[in-house]
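Hi everyone, thanks for coming. Let me put a structure on the screen, and then we can walk through a few of its charged pairs together.

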Amino acid sequence: LAGLFSARIGFSFLLVFLLAGVLAGVDGIGGFRFADARLGFWVGNVALAIILLDGGMRTAYATFRTGLRPAALLATVGVVICAGITAAAGVLLVGLDWGTALLLGAIVGSTDAAAVFALLTRSGVTLNERVAATLEIESGVNDPMAVYLTLAFIAVLAAGPSAGSPWGDMATAFVGQFGWGTAVGVVSGVAVAELLKRVAARDTGGGILALLVGAAGLSVFAATGWLGGSGFLAVYLFGLIVGNRAAKEVAPTLAAMDGYAWLAQAGMFLLLGLLVTPSTLVTSLLPGLGVALVLIFVARPVAVWVCLLPFHFTARETWFIAWVGLRGAVPIVLAVFPVMAGIPDSRLLFDVTFAVVLFSLLVQGATVPWAARRLGVE
């Protein structure tokens, strides 16, 4: 009920479940002690796979072509620029060394697909096609770069200063992540689209077809990770191809897939909220807010202006895209990586990340309709 009414007062539906998790946790009224980072990690990954699958299935080829080039640049170069500038804020405001600060920058460097998809569909704002396509595709395909950078910096920190140069391994991992992610996503998408055309002709209902598509998407996500590729990229491309090549067959499944995606978002945010301990968060709150301010008002705008310069977006469109750089579940899930790896200051990174996400959802999430009207991009 709170989630349904949150839209009326301008708050993100997802923020309600995040705060519900905090209230149910060890310092809240529920008093439930939950510290299973591994479970939070796996639930977060599976939920993100479902969310990206649903987002890919709803993206038309025409929209994809319209926003692909600017979104691809934002999803790669933009994430790197954001991570670098945010790392400087981590050094100055949080007191981190450069290695750990770069890890923080990588964790919060990407926009969140769950938050952006939810906001664009529930805010009541209809954007012009190029702006909407750029935002949707960027949020769908920038997670692999953030995951890659996070894992790379964790490997560097875990190896220590005495280890040899990690750049060769990082380059190999980059090729593997994006190469396998693209290959498995495209091939499996074509195969499942053809399968759906055959089985859907037998009067199969939309509900069971949705289960088939969901199971196939999770299998693609898992198989790609097993091969060393980016499951996030693979499952998004899989959904994009299935949703377009078998559009007629997929149409009856979209209502069920929407339900799966909302369930995944709610469950993920609830569990991630449970992982937070507010009593330890207090000391990290002010540095976290400082990092959030730098990210929202400096790092994201600089990254967007640099990446969109060749594409002749208007100044108003560029400022709006810079503002809709919501951080959500992806950074919190990525912040669990260093906790599981035993990296020094990993708990501090998690608390700062949570403060960044909370501030982003409260400030950016609540003002998107206002910013769209103010900048004239409706």
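This is a predicted model: local features need pLDDT of at least 70, side-chain atom pairs count only at pLDDT 80 or more; totals for chains, interfaces and linings use all residues.

Residues are numbered from 1 along each chain as its sequence is written, and side-chain values use heavy atoms, with hydrogens and water left out.

So, how many salt bridges does a search of the whole structure find? It finds six, a salt bridge being a side-chain nitrogen of Lys or Arg within 4 Å of a carboxyl oxygen of Asp or Glu.

Take arginine 130 and glutamate 317: their closest N and O atoms are 3.5 Å apart. Arginine 130 sits in helix α7 (residues 129-141) and glutamate 317 in helix α15, so this pair ties together parts 187 residues apart in sequence. Helices here are DSSP runs of H or I, at least four residues, numbered from the N terminus.

Next, arginine 300 pairs with glutamate 138, with closest N and O atoms 2.7 Å apart. Arginine 300 is buried at 4% relative accessible area, and glutamate 138 is buried at 2%; buried means under 20%, using a 1.4 Å probe and protein chains only.

Finally, look at phenylalanine 311, in the loop between α14 (278-308) and α15 (315-323). Leaving out residues up to four places away in sequence, phenylalanine 311 touches Arg69, Pro70, Leu73 and Arg130, where contact means heavy atoms within 4.5 Å.

Key. Helices (H or I, at least four residues) and strands (E, at least two) are DSSP runs, numbered from the N terminus. Buried means under 20% relative accessible area, exposed over 50%, partly exposed in between (1.4 Å probe, protein chains only).
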